[in-house]
Amino acid sequence: MILKDVLGALRDIGKGMAVVQRAPRKGVATKLYPYELPELPPVSCQSLALITEADGSDRCISCLLCEKACPSQVIVIERKRNPDGKGFVLERFDIDLVNCMYCAACVEACPVSAIVTIGDFELSTYDLQTLKADKEFLDAQGRRAKQWYSPKHGVEYRDEHGSIVRAPLAEQPGGEAARLEAKAEEGKP
Amino acid sequence: MSETTLDDQVRKLALGVETVYHAQSPAAYRRLGERLYGAGYDFPQCLSGVDMEYGLRAVVNLRRLRDQAEVTLWLDVAYEAPQVPTLCDLWGGLEWHEREAYDLVGLHFSGHPDHRRILLEDDWTIHPLQRRYDTGGYLIPEWRPKPWPEAADSDQAPVEAAEAVTPKEAETGPSELSQLKSLSAAFAAKLQAQGITSLKALAELSDEALAPLATAIGLKSAAAVAKWREQARQLREGA
Amino acid sequence: MVPQDRPALRSIPIPKDRRYQPRHVGYSALKRFTVRELLSYGLLFFALAALLVTIYSLLPWLIKQVPAFVVGGELSGWGQVVYGVLAAILGFTVVAVAALILILMLRKYLALVQNRYGPLHYGPAGAFQTVADAIKLLVKEDFTPGKADRLVFTLAPLIVFVSALLLLTVIPFAPGWVLADTSVGLLIIIAAGTIGAYGVLLAGWSSDNKFGLLGGLRATAQLISYEIPLALSLLTVAVWVGSLNLSAIVEAQRMWWTALPLVISLLVYLIASLAEIKMVPFDLPEAESELVAGFNTEYSGMRFGFFFVAEFGELFLLPAIAVTLFFGGYHQPLAGWWDFAEVLRGWGGFGEFLANLYGLFWFLLKTALLSWLVMWLRATLPRFRDDQLMELCWKVLIPLSLVGLVVAVVLRLVFK
Amino acid sequence: MTMLRPTELAPVPGAQEMLVNLGPQHPATHGVLKVVLGIDGERVTRAVPHIGFLHRNHEKIEESRTYHQVIPYLDRMDYVSGLQNELPFCLAVEELAGIEVPERAKYLRTALFELNRIISHLVWIGTYMLDLGAITPFLYAFRDREAALDIVERTTGGRMLPNYFTFGGVRRDINPRFWQELTGFVDYLEGVLPEYEALTVEAPVFRARTVGIGVLPPAMAINHGISGPMLRASGVAHDLRKDQPYDAYPWLDFEVITRREGDSWARSKLRCQELYQSIDLIRQCARKAPRTGPYLGKGRLKIEAGRQRYRAVEASRGQLGVYLYSDGGPGPYRSKHRSPSFTNLQVLPDLFVGQRFSDVIAILGSMDIVLGEVDR
């Protein structure tokens, strides 16, 4: 009886040891971060950016919706009347990236897909003050970004000429790509 | 679609099972608590303090595991006398919830064995969830308490309604069908609505009747009904 | 609700040089620790260990080559002093290097079975990581808690370390390569282990820390209890062989290892030595999830380093003793049937040296395999509870070791 | 976060006591829980838990936010399974405002909910084994959790704080390969789970440490409001997925898992069984979920003044509920979160006193608390 228990225990320990010894076959799970950069999806929500068109003009129309939608109230926008025509011109667009929660509420609120979230891990800094992002920084982030997602336009990316291209339907979030294609076919005529 | 409407029905049933008792005085609150404990509400879910701007409110959510009935009990007290009788001798699970309500909202639970702050420091001076303080914890200068609502004072009826809660009456719902392990209260009620009121009736269902019944109560396949039927048969054989 | 008054954001340009840029340095060692590397580093470490052990073991012979220290064939007074100092320094080096190698091996092995890289950045595939750690420990602040007993606090790690060092003196690494070829070698092993328990207890008590005290008490109870089955299982070897001299014990195992008749004692010895090393599943004295770090909670710098080196030195020394007593020591397997060392010895003086190196190779290989078994267990098992530990010792291991003793006596009466 | 009262410092008769602070910075308390332990030798004579070191007062912040703005804060409560926190709030608001949820969104929410249960239980396996002294299962669990987090990230944009569920469904559509990735992951995990079991619940040393330790009687568990795996391991078949079904659970086929023993080992084994159950539920979701259709229901987010609702879901640690009171404004007048860890932690002194010091760790780990949720 005791012998049976002891042998059972030894067998179970042996099973555990066998599991441990087989583990190296699964390969290394570690990602050596600055040397191996992760493949981030377009919806990835690591940092914020403002998108400018290929000709340098802002997408932002200064409607202040993102400022109102922000739960932690980190967006500060100042605008003035456009002297040439109707609408507004941005004077200031600041985001306090220290207090930002990266919840993408501003992205959901934006009617023109001007503010987007991007997959950018490289925001580490020695000085917190540098994380109070101004418009220049956010525009630079937008120019650096390879791909991004917004509810209005879906997944977009910047091609080699700097102009913004909408990703093919198969890569867009949404059920099967076929469904989206069928929908697009309907919309054309 | 039957699938989407099903959840609505479940929701309405769940809402319908829940009863709200509005205690008019601390003594009535305590008495109601004891009545509900006697009526088999064994599972304490939550105790919340709410600042109603005319006074403070303690809200208790209870559940009866036997038939999953839910009940809500609340008591309004004035800012000047926020004493609420404790219920944590009945439900031990409310002890920390009462301490939290004291800590954050400022309700005082008389009879609580360990009446201290729980989340904030001992020497904290304010109860931050009161509406007179802003998010930073500072007093809002223009804040004024609202007058005590008249209607709530005059209405004494709910106490008698709660007195009527007895274990027997509470069991009029799924009753015998509640012996089935995998059957929720909502589905038991749906089965009853379809005329399946006893284990016998469920056990004697024919295979042909399964699919229409499943459609009628909003299930996609007849498998779940068949499983209930199997359980009912086993229970009857065991008995 | 008043709206939250938020100070205006400072609109300052971001200096480009303050932005973090990953440094893509030349990085050749970005690869897994493979079997090939394991072998090559094993050979490297073997060469290092063999060099040190050879010098250490040849020390008595070397010191007698200096005429000033020899009086009538024996060492003079000054000669003995110089010999003692040199032996201590070399012994420290051997234990420290063994510990450093074993720490690196343990970390690499754990990393391998845990799907990670392990040390990677210092030296090829992280080979110099433990050296860097040792340097870090040396230059760290040597902190003593205010209410600690300073003398005992300083002394305790030294006691632990010296007890590990004592074990080294009696182990024969090759024929004749033993520092103290004494006829009471087994007794020294038992005595050294008992002294180590004092060091751990004093360390836990003197550091004026509750976790330290708990860990020290646990360690004392554990070490003293496990001394008994350890000593009893060592005794069976003495009964079987008929000698307390380790060289004689090794020579007796030329053909058949002691492990074959004394398998029960071997099992007891292996389990008890796990407890002596304080390795999982018996690492209660320093259970980091319960006692933070146990008896060495308050230790830092090189004092902690002494504990660390002693622990991993024992991870080398206790398997080494097991090899000496049970697995034929420096003999190759079945040496009584055909021995390559004899072939080497036939070449004359230098051949004898080569034969000794050959013996050292087998000794270190067997020790490494036993150490690897300990590491494997460490990678697999959680730790026991203190009372289960005691039950295992007093209710299982001690009766078992007594059975082993009886078996040894009966076998000796029958076969010899 | 309170001082010890004089009565708590009074000596226990017949005991030579030493007070030990277990936490707030201690490797085994999984965060900033502090337990003042009185130990007589290795025997625990008293245990006084202190919480609140991680208190952020979410509930006060939520009073000044709109309903949509509240959701990101909810992720921060139980940061190990972030998505689960959003569901009770969404359900309560949907019920009060009368917002319909499309069928496809229900299946999506259910699948992600169960995926978060897997993530949470994997973290639990790892950290619990770390408490018991084994490092290897911890790294295996985190290795496999990465794959699950990747799926969450490719769908929601966040790994642990996703902000994905919303009133009437989910915030955005899934990525095109969501269901394939999900089924691929659970297929892989099903192959790996026996390895976990061999290293944990079936390992002899693990059994020696946990069997018969910290037994929680069912009557006491119910009276103290214990929920989740702790309650079911004590033999009470209470599971809100079955008893008060929400989202797609009425359409899924599963049994409530219970165990009789009520000790640390039963709680561990039950979580392992729940991992298999979650795998099965995800497969059912992948099979039954419609591939096309809206992911967000229509409805006006307007709740009348004076409406209140308590709504709870079965999260990985137990009953995760929210009490919502509306004054008709754009945000919650009061939302109280009933977190399972907070309620489960109350039985800590009852389970600790009389046990050995090592068992304290084995019991605390098997309770599976997250301090972000306890302190809120």
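**Exercise 1.** Locate Asn99(A) in the predicted model and decide whether Asn99(A) is buried, partly exposed or exposed.

*Solution.* Step 1: Asn99(A) sits in the loop that runs between strand 3 (88–96) and helix 3 (105–109) of chain A.
Step 2: Count the C-beta neighbours inside 10 Å, which number 14 for Asn99(A).
Step 3: A buried residue needs 20 or more and an exposed one 12 or fewer, so Asn99(A) counts as partly exposed.
Step 4: Leaving out residues up to four places away in sequence, Asn99(A) touches Ser72(A) and Val74(A).
Step 5: Cys63(A) is 36 residues from Asn99(A) in sequence, and the C-alpha to C-alpha separation is 22 Å.

**Exercise 2.** Describe how helix 3 of chain C and helix 5 of chain C are placed relative to each other, and name the residues in their contact.

*Solution.* Step 1: The axes of helix 3 of chain C and helix 5 (residues 150–170) of chain C come within 10 Å, crossing at roughly 100°.
Step 2: Angles of 65 to 115 degrees count as roughly perpendicular, so helix 3 of chain C is roughly perpendicular to helix 5 of chain C.
Step 3: Helix 3 of chain C contributes Gly91(C), Phe92(C), Val94(C) and Val95(C), while Ala164(C), Leu165(C) and Leu168(C) come from helix 5 of chain C.
Step 4: Sorted by class, this contact has six nonpolar residues, one polar and no charged ones.

**Exercise 3.** Characterise the side of chain C that touches chain D.

*Solution.* Step 1: Chain C gives 25 residues to the contact and chain D gives 26 residues.
Step 2: In chain C, helix 3 (77–113), helix 10 (288–291), helix 13 (349–380) and helix 14 (386–415) each supply at least two residues of that side.
Step 3: The chain C residues of this side comprise eleven nonpolar, five polar and nine charged.

Note on methods
Residues numbered from 1 in each chain as written. Chains lettered and ligands numbered in written order. Predicted model: local features only at pLDDT ≥ 70, side-chain atom pairs only at ≥ 80, totals over all residues. Contact = placed C-beta atoms within 7 Å. Helix = DSSP H or I, 4+ residues; strand = E, 2+ residues; numbered from the N terminus. Nonpolar A, V, L, I, M, F, W, Y, C, P; charged D, E, K, R; others polar. Axes fitted to C-alpha atoms, helices over the stretch in contact; angles between N-to-C directions. Parallel < 35°, antiparallel > 145°, perpendicular 65-115°, else oblique.
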